[in-house]
Amino acid sequence: MARKYGIYAGMGGSFGGATLVDTVVCDNEAQANEIAREYAVEIYQSYEGLYGIQSWYDVKEDLKDSGFDYEDDIVSEYYEEEIEGWIDYYAEPIDED
């Protein structure tokens with residue numbers, strides 16, 4: 001049964017963490033959490049190049065500078081780890097009472 005969720009997303013650390021960014025109706029909490037993650041990734045990407053937040057290209061260059069020249073799929077894995085280290089997100093059910 002579909003339910004309404006508050007979607008919270010943001011950046012951790014000095015960025016302040018997740019805040020309410022949307023409300024959505026989803027079939028389950030896992031689906032709502034995936035939407036929250038997508039919002040958080042968009043927020044992360046809006047900061048790329050600022051405050052030490054790395055883009056995919058920055059990650060690739062850092063790997064090269066360290067003596068590694070990985071294929072793009074490996075760089076993407078490192079990039080995803082970089083994102084996960086910064087983002088903060090969750091979905092919270094909203095009571096309709």
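Predicted model: local features only at pLDDT ≥ 70, side-chain atom pairs only at ≥ 80, totals over all residues.

Me: How far apart are the closest N and O atoms of arginine 37 and glutamate 80?

Reply: They sit 2.8 Å apart in that salt bridge.

Me: Is arginine 37 buried or exposed?

Reply: Arginine 37 is buried, because its relative accessible area is 18% and the cut-off for buried is under 20%.

Me: How do glutamate 80 and glutamate 84 count on that scale?

Reply: Glutamate 80 counts as partly exposed, at 36% relative accessibility. Glutamate 84 is also partly exposed, at 36%.

Me: How many salt bridges does the structure hold?

Reply: Four. One of them is between the side chains of aspartate 95 and arginine 3, at 3.5 Å from N to O.

Me: Where do aspartate 95 and arginine 3 lie?

Reply: Arginine 3 is in strand β1, while aspartate 95 is in the segment after β3 (87–93), so this pair ties together parts 92 residues apart in sequence. Aspartate 95 counts as exposed at 60% relative accessibility, and arginine 3 is partly exposed at 37%.

Me: OK, switching to the surface. Which residues form the negative patch?

Reply: Asp69, Glu71, Asp73, Glu77 and Glu81 form that negative surface patch.

Me: Where is aspartate 69 found?

Reply: Aspartate 69 is in the loop between α2 (56–65) and α3 (72–86). It is exposed, because its relative accessible area is 59% and the cut-off for exposed is over 50%.

Me: Now the rings. How many aromatic pairs are there?

Reply: The structure holds six aromatic pairs. One of them is phenylalanine 15 with tyrosine 51, an edge-to-face pair with 6.0 Å centre to centre and 75° between the planes.

Me: Which parts of the chain does that pair tie together?

Reply: Phenylalanine 15 lies in the loop between β1 (3–11) and β2 (17–26), and tyrosine 51 in the loop between α1 (29–47) and α2, so the pair ties together parts 36 residues apart in sequence. Phenylalanine 15 is partly exposed, with a relative accessible area of 25%. Tyrosine 51 counts as exposed, at 64%.

Me: What about phenylalanine 15 and tryptophan 86?

Reply: They form an edge-to-face aromatic pair as well, 5.7 Å centre to centre with 80° between the planes. Phenylalanine 15 is in the loop between β1 and β2 and tryptophan 86 is in helix α3, so distant parts of the chain, 71 residues apart, are linked. Tryptophan 86 counts as partly exposed, at 25% relative accessibility.

Me: Which residues end up in the ring cluster?

Reply: Ring pairs link Phe15, Tyr47, Tyr51 and Trp86 into a cluster.

Notes:
Residues numbered from 1 in each chain as written. Heavy atoms only, no water. Patch = residues over 30% accessible without salt bridge, like charges linked within 9 Å, V, L, I, M, F, W, Y side chains within 5 Å. Areas by Shrake-Rupley, 256 points an atom, 1.4 Å probe, with all protein chains shown as cover. Lys, Arg positive; Asp, Glu negative; His and termini not counted. Charge placed at Lys NZ, Arg CZ, Asp CG, Glu CD. Helix = DSSP H or I, 4+ residues; strand = E, 2+ residues; numbered from the N terminus. Buried < 20%, exposed > 50% of the residue type's maximum accessible area, 1.4 Å probe, protein only. Phe/Tyr/Trp six-rings, centres within 6.5 Å; stacked < 30°, edge-to-face > 60°.
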